[in-house]
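Dear colleague,

Please find below the structure that I am handing over to you.

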Amino acid sequence: MLTDSYRHKGMRKSLVRIVQEKGIKDKRVLEAMEQVPRHFFFEKAFLEQAYQDKAFPIGEGQTISQPYTVAYQTELLEVQPTDKILEIGTGSGYQCSILLKLTPKVYTIEYNEVLYHKANRQFQLMGLTPHTFLGDGSEGLPQHAPFNKIIVTAGAPIIPKTLLRQLTIGGKLVIPVGDTATQKMLRITRLGEDEFAKEEFDNFKFVPLLGKQGWK
Ligand code: SAM
């Protein structure tokens, strides 16, 4: 198990300042970021990279998202302490650990088996207990729906209708949608049974969402 030190805490404070300077305002998101040791999600050889505001390879051709991107998506989710959240794309488990600081009810699904097991081991080491699933999250998790919030941490070609159906009324989906080069961050709010409001935010570059509703 890696240890957390004053030095790491100091580096986290600096990272939080960087993310704040880039425009993140939600105090709870910033506090969560200050609390979660991002270096726990890195291999020993790369610990020095953990507190840079950059995405980083986690194996299997995937990445741990840039801290600013994690903060940006989390802020858009407007997490309430009673929310039940679905994260699609567990990856390293870092985003999930941030969400767990905001609500205990986090469901997370990962498509890649190696990363799924690695993240589970990490959650165990950290004493965290999200509900983890291995499979195609592009279709959500219908057996555990509805969710107050859904966050997709990979770039999607479309807004999967099946995810919209798994939101509560008043629920929100945050999803990057576009081509494989760049995606626009969208937030869809379910206003009624068949009524949705769409908001558009900045452009990002994510690894592709795979699966039935993703890139083939
Ligand atoms: N949230 C992650 C973190 O904090 O490290 C970052 C995830 S990475 C940018 C995107 C992840 O989405 C990858 O681990 C990838 O394997 C996963 N992914 C891609 N398509 C998926 C799908 N259809 N269902 C579930 N996970 C998927």
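The model is predicted, so local features need pLDDT of at least 70 and side-chain atom pairs count only at pLDDT 80 or more, while totals for chains, interfaces and linings use all residues. Residues are numbered from 1 along each chain as its sequence is written, and side-chain values use heavy atoms, with hydrogens and water left out.

Nonpolar cores

A nonpolar core here is a set of buried Ala, Val, Leu, Ile, Met, Phe, Trp, Tyr and Cys residues joined through side-chain atoms within 4.5 Å. Buried means under 20% relative accessible area, exposed means over 50%, and partly exposed lies in between (1.4 Å probe, protein chains only). The largest core has 43 residues, and Ile24, Met33, Phe41 and Tyr94 touch the most other members. Two or more residues each come from helices H1 (6-21), H2 (27-35), H3 (67-77), H4 (94-100) and H5 (113-126) and from strand S1 (56-59). These elements are DSSP runs numbered from the N terminus: helices are H or I with at least four residues, strands E with at least two. H3 gives the largest share of this core, six residues. A second, separate core of 20 residues includes Ile109, Phe133, Ala154 and Ile175.

Met33 has contacts (heavy atoms within 4.5 Å) with Arg12, Val16, Val19, Pro67, Val70, Ala71, Tyr94 and Ile98, not counting residues up to four places away in sequence.

H3 is largely enclosed by the rest of the structure, because 10 of its 11 residues are buried. Among them are Tyr68, Tyr72, Gln73 and Leu76. Just after H3, Glu78 takes a positive phi of about 45°.

Arg187 is found in strand S8 (residues 183-192). This arginine counts as buried, because its relative accessibility is 9%. Its side chain makes a polar contact with the side chain of Glu78 at 3.3 Å, and it also reaches the backbone oxygen of Leu76 at 2.8 Å. A polar contact is a pair of N or O atoms within 3.5 Å; within protein, one must be able to donate a hydrogen and the other to accept it, and residues adjacent in sequence count only if both atoms are side-chain atoms.

Aromatic rings

The structure holds nine aromatic pairs. Rings of Phe, Tyr and Trp (its six-membered ring) pair if their centres lie within 6.5 Å; planes under 30 degrees apart count as stacked, over 60 as edge-to-face and the rest as tilted. Phe46 and Phe56 form a tilted pair, at 5.2 Å centre to centre and 55° between the planes. Phe46 lies in the loop between H2 and S1 and Phe56 in strand S1, so the pair ties together parts that are 10 residues apart in sequence. Phe46 counts as partly exposed at 38% relative accessibility, whereas Phe56 counts as buried at 16%. Elsewhere, ring pairs link Tyr68, Tyr72, Phe204 and Phe206 into a cluster.

The ligand

The ligand is surrounded by 26 residues, each with a heavy atom within 4 Å of it. The closest are Ser92, Glu110, Asp136, Gly137 and Leu210. A polar side-chain atom of Glu87 lies 2.9 Å from a nitrogen atom of the ligand. On the backbone side, a polar atom of Leu210 is 2.7 Å from a ligand nitrogen, and one of Tyr111 is 3.2 Å from a ligand nitrogen.

Yours sincerely
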